[in-house]
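Please look over the sequence and the structure shown below. The report after it goes through selected parts, one heading at a time.

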Amino acid sequence: MINSNNGFTASESISLSQELALLGVQDTPFTSLLLSKGVEKALSTVYTWKEKSLATDGETDAVEGGDTTVFQQSSKREISNILQIFKRAVSISGTAEAMQSTKFSEEVSDRLLELKMKLESVLINGLKADGSTGDFIRKMSGIIEFADTNNAETHADVETLIKQGMKNLWEQKLTAGTYYAFVNADVKDAIDNIYKDKYSYAHKNTNFGLQVETINTNFGVVNVVLSRDIPADKIVLFNDAYVNAVALREAHFEALAKTGDSTKGHIVGEYSLKVGSPKAVAVLTVAPQV
C-alpha cells in the first residue's frame, strides 16, 4: 500500500512491485497474470533464452540388456527480447500538500496504475526495436508479435475458431499449462451469446483476482478474458506455462531533488516479455460475416 508512511525521501528508492501486481487487475489482465507468477530477472537490456521443445525422434524401444548408444536432444533455437523502460512522474506544490497531506501518495498511486496500463498494452501489442534508430527508445516484442504463424487461423464462426486454435496448440505437443484466450469486447459478446446457458461455459475467479469464463473443449479448458488492448478482430490464445514477464528493474519510486516549492518524484520500471516457445501462442482472426 502506498501511503505517506513510505517516506518519499530523496535518499531512498522504494519498490512498488507488489503494488503494481495488485493494481487494476481487471483493467490489466495480461500484466496481472504474468506478475502473479513472478518476474524473471534480466541482467542486461537484451534478454535471451533457449526455446522450450521436446526431442522429436520418437524412438523409445530398447532391447533387454542392450547398450545405450543413441542419445536424444531437443533442438533449441535462441530467442531474445528487448527490455523497455516505463516511467511516470509526479510533482505536487507545497500548497497542495499542505491542504491535503495524502495528495502526493495518491498521485503516485495514479501514476503507477497508468504505468501498468501502458505496460499492458505493450506486452500485448509491442513491436521490437533496439533503440538504435528512429526515436531511440528501446521497445519489446509483445505476445502478438511472438505468435507462431503456423498456429494462425481465420474463420467467421468464433466457436469454430477457438476449437481449431486449441487443436493447433494441442498438436504442438506442449507440456501442461493453463490456456487463456484474450479477446476484445465484440468478440467477448459473441462468445457469451454462443455459450450462454451451456454447462461448458462457467464463470470463475482466478487466484490473483481476475474474472474469467471457461470453455471446455476436446483439447483442454480455455479461460476467456476480456481485454481492451486486444485488436477488435483477434483472439490471442496461449499456454501460460510458456509466457513470463522479465524485469531488469521492477517498478520503484525515486524522489527527485527539490528545486522549489514542490515535491517531485518518478516511478520507473524496465520490463520485457519472455515467450518460452512461440508454438505456445496463436493469434486467431475473426473474419467478417458474409
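## Phe238 and the aromatic rings

In this predicted model, Phe238 has a relative accessible area of 1%, so Phe238 is buried. Tyr180 also counts as buried, because its relative accessibility is 5%. The cut-off for buried is under 20% relative accessible area.

A search of the whole structure finds 10 aromatic pairs. Tyr180 and Phe238 form a stacked pair, because their ring centres are 5.8 Å apart and their planes stand at 25°. Planes under 30 degrees apart count as stacked. Tyr180 belongs to strand E7 and Phe238 to strand E11, so the pair ties together parts that lie 58 residues apart in sequence. Ring pairs also join these residues into a cluster that consists of Phe30, Tyr180, Phe182 and Phe238.

## The seven-stranded sheet

Seven strands make up an open sheet with mixed pairing, in the order E6-E14-E11-E7-E10-E9-E8. The edges are strand E6 (153-155) and strand E8 (201-205); each has a single partner strand, so one side of each is left without a neighbour in the sheet. On average, neighbouring strands of this sheet are turned by 25° against each other, with direction ignored.

Strand E9 (residues 211-217) and strand E10 (residues 220-226) run antiparallel and are joined by five bridges. In this pairing, Thr217 of the chain stands opposite Gly220 in E10.

## Helix H2 on the sheet

Helix H2 (residues 29-36) packs on the sheet, where H2 touches strand E7 (179-183), E10 and strand E11 (234-239). The direction of H2 makes about 155° with that of E7.

How many of the eight residues of H2 are buried? Seven of them are, so H2 is largely enclosed by the rest of the structure. The buried residues are Pro29, Phe30, Thr31, Ser32, Leu33, Leu34 and Leu35. After H2 comes Gly38, which has a positive phi, near 100°.

## Asn223 in strand E10

Asn223 has its place in strand E10. Its relative accessible area is 3%, so Asn223 is buried. Leaving out residues up to four places away in sequence, Asn223 touches Thr178, Tyr179, Tyr180, Ala181, Lys204, Val212, Glu213 and Thr214. For one of these, Thr178, the C-alpha atom is separated from that of Asn223 by 7.9 Å, although the two residues are 45 residues apart along the chain.

## Helices H6 and H7

The axes of helix H6 (residues 158-171) and helix H7 (residues 185-195) come within 9 Å of each other and cross at roughly 95°. H6 and H7 are therefore roughly perpendicular to each other. Angles of 65 to 115 degrees fall in this class.

H6 contributes Val158, Glu159, Ile162 and Lys163 to the contact, and H7 contributes Val187, Ala190, Ile191, Ile194 and Tyr195. By class, this contact has seven nonpolar and two charged residues, and no polar ones. An α-helix has 3.6 residues a turn, so residues three or four places apart point the same way.

## The chain as a whole

The chain has seven helices and 14 strands. Of its 290 residues, 43% count as buried. Among the contacts in the chain with a separation of 6 or more, 75% are between residues 24 or more positions apart.

Key: Residues numbered from 1 in each chain as written. Predicted model: local features only at pLDDT ≥ 70, side-chain atom pairs only at ≥ 80, totals over all residues. Heavy atoms only, no water. Axes fitted to C-alpha atoms, helices over the stretch in contact; angles between N-to-C directions. Helix = DSSP H or I, 4+ residues; strand = E, 2+ residues; numbered from the N terminus. Parallel < 35°, antiparallel > 145°, perpendicular 65-115°, else oblique. Contact = heavy atoms within 4.5 Å. Nonpolar A, V, L, I, M, F, W, Y, C, P; charged D, E, K, R; others polar. Pairing = 2+ DSSP bridges. Phe/Tyr/Trp six-rings, centres within 6.5 Å; stacked < 30°, edge-to-face > 60°. Buried < 20%, exposed > 50% of the residue type's maximum accessible area, 1.4 Å probe, protein only.
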